[in-house]
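Here is a short report on a multi-chain model.

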Amino acid sequence: MTVCSALLSHYRRHPLQLLALALMIVLATMLWTGVSHLTDHARASLAQSEQAIAGQQQLVREDGQAVSVQDFAYLRRQGLCVMPWLEVQRPPPEGRVIGVDPFASACFGSDAPGQARVDALNGEPFLDIAEAKAMVRQGSNGDLSLLVPVDVEADAVPADYRLKDFSMGPATGELGESFLLNLDALGVLVLLITALLVRSVYQLGLVQRRESFTLLRRFGVPATRVQVLLLIEMVALTSVWVIPGIWLGRLLAEILGGGFGQVLESLFDAPLYAVDGGGFVLPALVMVTVVLLACFADKRLLRRLPWLSGRPSVVWFGVPVLGLGLAMVAWPFTLGWLFVGIALVFVAVGLLTPRVLSYVAQWGAEGAGAITLWQRRELAVLFRRLALPVVALQFAVAMVLAIQALVTTFEDTFERWLGQRLEAEFYVEVPEQSAAVDGVRYLAGLSGVGDWHLVQRGKTHVVPEMAGDDAATSVEVDLFSISPIGPLVTGWTLLDAIPDAWEKLATGQGVMVNEQLARRQGYQPGETIGFTLGEQSLALPVVGVYADYGRPDGEILVAGQILPETFNTRFQSLSLNPGTLAMAEIEQGLAAVWNTDQLTVRDNGSIRSLASGVFDQTFLITRAITVLTLVLAGTSLLIMGWVFFTTRAWYYRLLFVWGLSPREVAGQLRWLAMFLTGAVAVAALPLGVWLTWALVSRINPLAFGWSLPMAVYPGFWLEMLVLCLVIGLAISVLMRRQLGAGVPAPAMANVAGGGER
Amino acid sequence: MVASLLTARDLNKQFRSGNQPVSVFRNLSLQLDRGESLALVGRSGSGKSTLLNILCGLEKPDTGSVQVLDEVFEGGTDRQTEARWANLRRQQIGVVFQEANLMPALSLLDNVRLRARLAGQNEDDCRDWLERLGIGELAGRYPDQVSGGQRQRAALAMVFAMKPALILADEPTGSLDRHTAEDVTGQLFDLQARHGCGLILATHDAELATRCSHHLDLGHLPET
Amino acid sequence: MTWCFQPLRWGLMAFVLSLPACQETPESGGFAGLGEQVAGEAFAQPAPGDRLRFPEDFGPHPRHRIEWWYLTATLTTEQGEPLGLQWTQFRQALEARDPGSPEPDPSSWPLDAAWMAHAAVSFQGQHWFSEKLARGGIGQAGATAEPFEVWLDDWHLQVEDDGRWRLQVSGEGWSYDLRVKIEGEPVAHGDDGFSPKSASGEGSMYFSLVDLAIEGEVTLGGETFGVSGQGWFDREWSSQFLKAGQQGWDWFALHLESGDKLMMFRLREAGGDFLSGTWVTPEREVIPLGADTMTLEVVEHRDTAEGNVPVQWHIHIPGRQAELTVVAPPGHYWNDGLFPYWESPVSVTGSHQGEGYMELTGY
């Protein structure tokens, strides 16, 4: 019998152990492959969709009429690079498609909106404009826009036309980016958790094979030879088992990707491109590397850093690293710096958690009764011996907590953002040549109509600190007026306000500013803000600061009544709820008073439900991935815990010999296992909350310039705790069956471990 | 009449080896009174451990009855029987195995205290027991920090600290060198005699067996 | 005469266009794609005996699959330096339409035809080229016979009140604005306008205006040059030209100082090239040239990144006592569009002096 077959014979006797190792490699590979696959695809698709919607502008007619094919031809013959964009809304399941003209987009070069290349005309969502037009003729709603490249200046635009921003629905770019970052962090954490899990299984194998190693050494086989053979064994094992792992990961990504693709498609008009097959080599290499690092890195690392391997030195090393990491995250300079800080915190927490839990378990136990003392000591042993799966579960729970908080915060923010932007059920644009006041008069005289107001937008300059008429120091901001101030706006979230803020705004005694302007210029409620309205200069107190959920421009909100005739209104619309009337009726009435047959009406209700649905789905996928990670980490702790408990079976059996009834022994085991996993959940809590904070208050501002509100969700903490307790319960149930299986031989305690303290 | 400490009647135990039933012992009966000691001798695999397990309720005989003090057991695996056995082991029957009698996470003293506490005895004289067995200065050490002989002495301390009526010892010195083994068994017999409890000692050491007041030879291999 | 490679290009575009709509199998395989039968029998195919009609034939031919308007000019700047330029506009129909039937409604964004325009300027060894694309039927591109106008976006060729044509084109960093005076009647090539393209009879309707007096301005990189000179205008349409195996095309339109004009082309194919041409005397007598009346030989190639291009030729037409050496000026003259080809001004020496244009495809 060779040394090799002697080593392998272990698995012949314990096939379940081999299976556990294989299972762990397969599951870990699957999870990592799945997540990284999704992230890659999300990145590619988002990049394309970003291009699709990034900073486009369009040409509209000065007379307010809708643009037509004649306008297109005319503008092209004027030498302008213009492309048609016919957006067709069809009822689900078909959804939205966009008709483009690949000939016309040629002049956009590679910046063509939506990369409306010919090979992308597959209906997802782009198709030839003639086909889109045919859908419109068959009854779908279609909306034609004429896009021009971003570098077209206003003076290049022919008379009777003007430039206007072009955006497709809610500006979700930043939310999308944020979501990606979120997925990235998830990928790294999954890899980390994977490494921990593989290492725990490997170490367990080592412990259980100690007898074989001792024998081999007695037979004169050098330790290094055994090491090399183990290395080869792991490489071979991993190489074989990553393949089904990768395949399953792909499958997972495909299954999730189906929903994910729909989300991206409806959100950003970017189809999730098919999995670009092949590519088994890279994930396989990554996994083999991770497995080898996880299993063998410490052999070299610890030799170099002997101070790391000793028990007290872990604390000496861990505490400063934790401090350094926390400081780096608290005062971040760059995103990279921040990520290093987060990584340090995780390393330190990983090192310290088992020690701390072990210490806490024994803390104050000296004075306790003998049984309590035994429980506490046993628990302390468990924390130390199961350090890796414990830390893996802790990370997984922390990650799930953070992602959940982040996702819920996103959802909530998005909801409120939608609420602010889409408060009324309908928007009706005031046609260019028509007087808004006619529409206002019409609505005012209409009985049965719900809440409504007129919105007028323009530009103004604020003069910080009233520094005279020095235009150089003034700042251009958006001006946004509403009249009358009514229930459609008074429900907005005010970050800060003086009492009766809405009344003061309505009566023209003050203005409100958005969060962005308040932050940038340091305005606070009660302070006076100087700004211009057409010819006149005004100084009014700021009565409130309203949340803007990431709007990049400063904005002032005033009551319509203080707007002078001379003010250059760039855009006007009516926001209204039809109340008891039919919207069609109101539309007809407005078209009549404005003497136009081309009313632009936006149905906010459908936009809102579409947007909400899309986000729900997006977040569902994030959650699915995090839950999978949690399940993997939980399963790992379950397996590890069970196997470790088995090595200690003799000692639990001693309790039985000493007169505890089977029921009492089972109770002790249950207490141990549930306390173990419960403590993991508790230990994960601060890490999870901290990670949430780092994501919303550090990463988001650094990456996108705005922070999300930090929120905590104790209800969800409770769910996690219960989940962890269930894992503990499962361990104890397995253990009880194990103990009931027969009389364990005491000899096993010595040769196969289990005698640790 | 005062009942004897331990009475076993017509015990039968079979194992299955493949399809063949293998009889470990047939119609075995024994009786032990307080202060007496019984040596179970025989080769490895002759059923010594099985018999000890049956006598403390860790295993069940196929037929026959066991009476310990005034508790009579005639088969039955119900919860109540389990509880009666558990109660006996907890307070009256001390068991010493060849090794691994101590909880690894507890010091020697804490192990003794735990055993005394389970038996409902005072924890205060636990240190005395360690001292009487000559390992008082090792009280704060953990099992993996002391020698095998010291561990077995601590195991004896645990047993005596519970003040048992009956001690079952399964090759208690099997893993010790001769000198240490003699030392440890000396203490075992000494204390047993002083406290007047019964002792059943499973051993394959004939010399050790001669120190017991009674013998039971299970020397034959199990019959097919 | 620009058509031999264009069908491939159009084939490509048609493929590109038809992808979402009809999943037709695209034509492929170089110029052989032209040899395929026209999809749908609705397209009309020119045949011997077909006659030209004016002014209608200056306008589009919706029953035919492909046609183009093509102008080349050999000009001289005020400083006396030679400058060549060209403009071509193509129409590729996806559906045939009877001239009498109504045009599709523009608001349906019809896809019955696609248009492409090319323009280039060659000056001092440098070459500027630009390409434009448009969908037909919506007014962005089109052509009319009366008044004559051909346009795509802001490029257009149109007749002015004084009867002259005006050609305006602008590319990235260059533009030209020309007035074109037409002298003489249209010259019908081949059999009174039917120009065969292979021995087996495929061909096109083809006529030229060979006497164009051109003046105007050319702006290159911010500098404007006054230019004047002579030009050549081609009209050609068909539905199917090439037969399988034809690889490429060499075409010449030459103005000789004797007042003679020469158009000749060669279709290269494996089994023997197809050679054809037209000689126009100073008296405007039109003499068709068959393959047995002339020879065309490559004298010298030029190695370029895009391919090895024959830049010096020898033309021998015994019946006209013509021994011509045709040479492209130094430089690279690739029209680098969707499907690149060579197009350069040439000078003529030998028995006659002269100048003109040369177009080479399939290299």
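## Chain A against chain B

In this predicted model, 33 residues of chain A are in contact with 30 residues of chain B. Contact means heavy atoms within 4.5 Å. The size of an interface is often given as the accessible area lost when the parts come together. Here chain A and chain B bury about 2700 Å² between them. Carbon and sulfur atoms carry 63% of it. Buried area is the accessible area (1.4 Å probe) that two parts lose on being put together, summed over both.

Two salt bridges are counted between chain A and chain B. A salt bridge needs a side-chain nitrogen of Lys or Arg within 4 Å of a carboxyl oxygen of Asp or Glu. B:D110 and A:R377 form a salt bridge through their side chains, at 3.5 Å from N to O. Four residue pairs are in polar contact across the interface of chain A and chain B, both residues at pLDDT 80 or more. A polar contact is a pair of N or O atoms within 3.5 Å; within protein, one must be able to donate a hydrogen and the other to accept it, and residues adjacent in sequence count only if both atoms are side-chain atoms. On the side of chain A that touches chain B, α13 (370-385), α21 (649-657), α22 (662-704) and α24 (747-751) of chain A each supply at least two residues. Helices (H or I, at least four residues) and strands (E, at least two) are DSSP runs, numbered from the N terminus. By class, that side of chain A has 19 nonpolar, six polar and eight charged residues. Ala, Val, Leu, Ile, Met, Phe, Trp, Tyr, Cys and Pro count as nonpolar, Asp, Glu, Lys and Arg as charged, and the others, Gly among them, as polar.

## Chain A against chain C

Chain A gives 23 residues to its contact with chain C, and chain C gives 22 residues. The area buried between chain A and chain C is about 2000 Å², with 63% from carbon and sulfur atoms. In chain A, the residues that lose the most area to chain C are A:V69, A:R77 and A:F103. Together they make up 36% of what that side buries.

Five salt bridges cross the interface of chain A and chain C. One of them pairs A:R77 with C:E149, the closest N and O atoms being 3.0 Å apart. Six residue pairs are in polar contact between chain A and chain C, both residues at pLDDT 80 or more. The elements of chain A that give two or more residues to the side touching chain C are α3 (69-77), α4 (102-105) and α5 (129-137). α3(A) gives the most, with six residues. By class, the side of chain A that touches chain C has 13 nonpolar, three polar and seven charged residues.

## A sheet in chain B

Chain B holds an open sheet of four strands in the order β2-β1-β4-β5, with antiparallel pairing. Two strands pair if DSSP finds at least two bridges between them. β2 (20-32) and β5 (71-73) of chain B stand at the edges with a single partner strand each, so one side of each has no neighbour in the sheet. Neighbouring strands of this sheet are turned by 20 degrees against each other on average, direction ignored. Three bridges join β4 (residues 63-68) of chain B to β5(B). B:Q67 stands opposite B:V72 in β5(B).

Two helices meet these strands. Helix α2 (residues 79-91) of chain B packs on the sheet and touches β4 and β5 of chain B. Its direction makes about 130 degrees with that of β5(B). Helix α1 (residues 48-55) of chain B lies across β1 (6-17), β2 and β4 of chain B, at about 125 degrees to β1(B). Axes are lines fitted to C-alpha atoms, for helices over the stretch in contact, and angles run from 0 to 180 degrees between N-to-C directions.

## Salt bridges and backbone details

The whole structure has 42 salt bridges over all chains. In one of them, the side chains of B:K48 and B:E171 meet at 3.9 Å, N to O. B:K48 lies in helix α1 of chain B and B:E171 in the loop between β7 (166-170) and α6 (178-195) of chain B, so the pair ties together parts that are 123 residues apart in sequence.

Most residues other than glycine have a negative phi, and most peptide bonds are trans. The bond from C:F54 to C:P55 is cis, with omega near 5 degrees. C:P55 sits in the loop between α1 (6-22) and β1 (66-77) of chain C. C:E146 and C:P147 are also joined by a cis peptide bond, with omega about -10 degrees. A:D160 is not a glycine, yet has a positive phi of about 75 degrees. A:D160 lies in the loop between β5 (141-148) and β6 (161-166) of chain A.

## Conventions

Residues are numbered from 1 along each chain as its sequence is written, and chains are lettered from A and ligands numbered from 1 in the order in which they are written. In this predicted model local features need pLDDT of at least 70, side-chain atom pairs count only at pLDDT 80 or more, and totals for chains, interfaces and linings use all residues, while side-chain values use heavy atoms, with hydrogens and water left out.
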